[in-house]
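I set down here, in order, what I looked up in this structure. Each entry opens with the point I wished to settle.

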Amino acid sequence: MKFDIFELVGNQEKVMDLILEGIKKAFYLLITFDPEVMKITLLSLQVSGTATFVSLLIGISIGVTIALSKFPGKRIVVSLINTGMALPPVVVGLFVTIFLWRNGPLGFFGILYTPTAMIMAQTVIATPIVMGITLAAIQQLPQKLRLQILALGATRLQMVWILIKEAKLPLLAAVMAGFGGVISEVGASIMVGGNIKGYSRVLTTATVMETSRGNFDIAIALGIILLLLAYFINLILTQIQQRERPR
Amino acid sequence: MVDSTPILEGRNIEVKRGGATLLNIPSLIIQKGEILSLIGPNGAGKTTLLQSLSYLSKPLQGEIFFKGERVNSNHSAFEYRRKLAMVFQEPLLFDTTVFNNVASGLKIRRMRRSEIHRVVMEQLDRLGIGHLSQRSAKTLSGGEAQRASLARAFAIQPELLLLDEPFASLDPPSRESLIEDLERILRQTRTTTIFATHDRLEALRLSDRIAVIKQGEIVQIGSPEEVMNHPIDEFVASFVGVETVIKGRVVRGSGGTFVVSVSGQEIEAVGEAHLEEIVTLCIRPENVTLSIHASKEATSARNAFWGKIAKITPLGLYQKVQLHCGFPLVAYVTNQSLQDLSLTEGKEVKASFKATAIHVVRRQEK
């Protein structure tokens, strides 16, 4: 069902129809495992999941290192990371595009408009989020805890591992925030992925496209799938975070 | 000579921060099996000294010898850390069960699981918290948490135990029972221990030797009796609990006793002093006797003064009575005596103490 956006202005009945229609369509697409929608959903998960995973590796290791070390200018570095947590995806998309452009510094890879480029861009978005939360999580542990762990005979690596375990609740929040940041992001994905059907189209870019075409029902369906996806991922992470807290 | 090698020796330890000297210890020797208390006010450098001795924070300067071997490289510092244990004022337990907390030092050393279970349960029982083993450390009371922290330290069977005011934030009953248990365990295991505290009674109770620290320096070190009864200066005297510390001028002296004038009153003390010399007299409150009758009976107390009670402070088993008898004087009396003599603030009483009960500190010659 197609709608003209101008028809909707001031026509509440039609808007309600539209939303109902969208929800119906969404359920239809979901229960029939619509191959197109499945493919888009799967790619969303793949791209954002991989980007979150990579950003965890980079963000946690650098975040812990900065939290545990003393150096001149540490405050400036920390404030830069905190600013990075609010990095606009469009700006990231712009710079990744420039770098991957045929004549850009990384142009020889030839990966612009591929899922790989999207993973790169999303990693750039998620890493400062994970890093910033890791940094805060490690820093909020009592200073003396480090000495206590060392006094128990730990090597430096064992100490870091114990500290990470002690900060596991805020670190899981970092995973959620990182994943939440990239699964919902559209600006960078559309710029470096190109929203190519069956190749680099993900839930957010598809939603934008369908909305602009006036296919509100499909757009709503995609939106609901996106919400459900985000909800289930966070539900699982929350389960892990809150589980077996002994009395 | 092998047997007399001290377990720990620190030489010329110096710690500075922002130009200020936090610690300056030319020499400190700890013998195997000994319990040494570091006593001093907050900020005196007790914690800094413990952390330097344990190499947890490397001192700016100085050498540490563990069993005669110098701790210097990263490797030897690590080997050294594996032989000691430390308990802080805060329990600093990990966010897991009590059992896992006590096991943590053993897991770090990759001990076998079955072995870990045996050792951990043994330590938990020893500290009376065996029934808490599966509880989350977060839910423990202050006393229980500190017990878990001590169990974690003892589990690794340290050759050197460092305690940094472990009872300072506990309520009196849990503190009392924990000190009792710690005393028992230390006597059993004969673990060499350095114990930082600002509570002289704790120090008196646990230690073989006491070191008094002031502004990063050890001002006096010796047996508890030595330090308590022969404080080297006013600071030590006031800190180890001689409550009355007064200054006066020597006016007469002969044959082993001399008389000191203190704001118009004359106090007789034992010892040698020059005429006109300014001396400090330390009188321990437990040596001061109070009475309410102007008794004519001869007593051996050479000093007796009438004074007014300024303040009475209950201290549990006894009461602290502050007097004004021309100079301030503190006496300890039992609750019973307080009632029998019906002592109240403002009442006139006679305070007496023997000349031998006064510790005289003579100014060091400049």
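**Entry 1. A pairing in chain B**

How many bridges join strand β4 (residues 61-66) of chain B to β5(B), and in which sense do the strands run? I find three bridges, and the two strands run antiparallel. Within this pair, B:Phe66 stands opposite B:Glu69 in β5(B). I note at the outset that the model is predicted.

**Entry 2. Strand β19 of chain B**

Which strands did I find paired with β19(B)? One is strand β15 (residues 289-291) of chain B, which pairs with β19(B) in the antiparallel sense over three bridges. In that pairing I located B:Thr289 opposite B:Ser352 in β19(B). Another is strand β16 (residues 303-314) of chain B, also antiparallel to β19(B), with six bridges. Here B:Phe305 stands opposite B:Ala351 in β19(B).

I next asked which residues of strand β19 (residues 348-353) of chain B lie on its covered face and which on its uncovered one. B:Val349, B:Ala351 and B:Phe353 form the covered face. B:Glu348, B:Lys350 and B:Ser352 form the uncovered one. In a regular strand the side chains alternate between the two faces of the sheet.

**Entry 3. Positive phi in chain B**

I checked two residues that are not glycine and yet have a positive phi. B:Gln215 has a phi of about 45 degrees and is found in the loop between β9 (209-214) and β10 (217-222) of chain B. B:Ser342 has a phi of about 40 degrees and is found in the loop between α10 (335-340) and β19 of chain B.

Is B:Ser342 buried or exposed? B:Ser342 has 8 other C-beta atoms within 10 Å, and is therefore exposed.

**Entry 4. Chain A as a whole**

I turned to chain A and counted 12 helices and zero strands. The C-alpha atoms of chain A fill a box of roughly 70 × 55 × 35 Å along the principal axes. Of the 247 residues in chain A, 38% are buried. Among contacts in chain A with a separation of 6 or more, 76% link residues 24 or more positions apart.

**Entry 5. Helices α4 and α6 of chain A**

At what angle do the axes of helix α4 (residues 74-84) and helix α6 (residues 115-139) of chain A cross? They cross at roughly 130 degrees and come within 8 Å. That angle makes α4(A) oblique to α6(A). The crossing is left-handed.

I listed the residues that meet there. From α4(A) they are A:Val78, A:Ile81, A:Asn82 and A:Gly84, and from α6(A) they are A:Pro128, A:Met131, A:Gly132 and A:Leu135. By class, this contact of α4(A) with α6(A) has five nonpolar residues, three polar and no charged.

**Entry 6. Where chain A touches chain B**

How many residues does each chain bring to the contact? I find 16 residues from chain A and 23 residues from chain B. On the side of chain A, the elements that give two or more residues are α7 (143-151) and α8 (156-166). Of these, α7(A) gives the most, with six residues. By class, this side of chain A has nine nonpolar, three polar and four charged residues.

Definitions and conventions:
Residues are numbered from 1 along each chain as its sequence is written. Chains are lettered from A and ligands numbered from 1 in the order in which they are written. This is a predicted model: local features need pLDDT of at least 70, side-chain atom pairs count only at pLDDT 80 or more; totals for chains, interfaces and linings use all residues. Axes are lines fitted to C-alpha atoms, for helices over the stretch in contact, and angles run from 0 to 180 degrees between N-to-C directions. Helices (H or I, at least four residues) and strands (E, at least two) are DSSP runs, numbered from the N terminus. Angles under 35 degrees count as roughly parallel, over 145 as roughly antiparallel, 65 to 115 as roughly perpendicular and the rest as oblique. A crossing is left-handed if the near helix is turned anticlockwise from the far one by less than a right angle, and right-handed if clockwise. Two residues are in contact if their C-beta atoms, placed from the backbone, lie within 7 Å. Ala, Val, Leu, Ile, Met, Phe, Trp, Tyr, Cys and Pro count as nonpolar, Asp, Glu, Lys and Arg as charged, and the others, Gly among them, as polar. A residue is buried if 20 or more other C-beta atoms lie within 10 Å of its own, exposed if 12 or fewer, and partly exposed in between; C-beta atoms are placed from the backbone. Two strands pair if DSSP finds at least two bridges between them.
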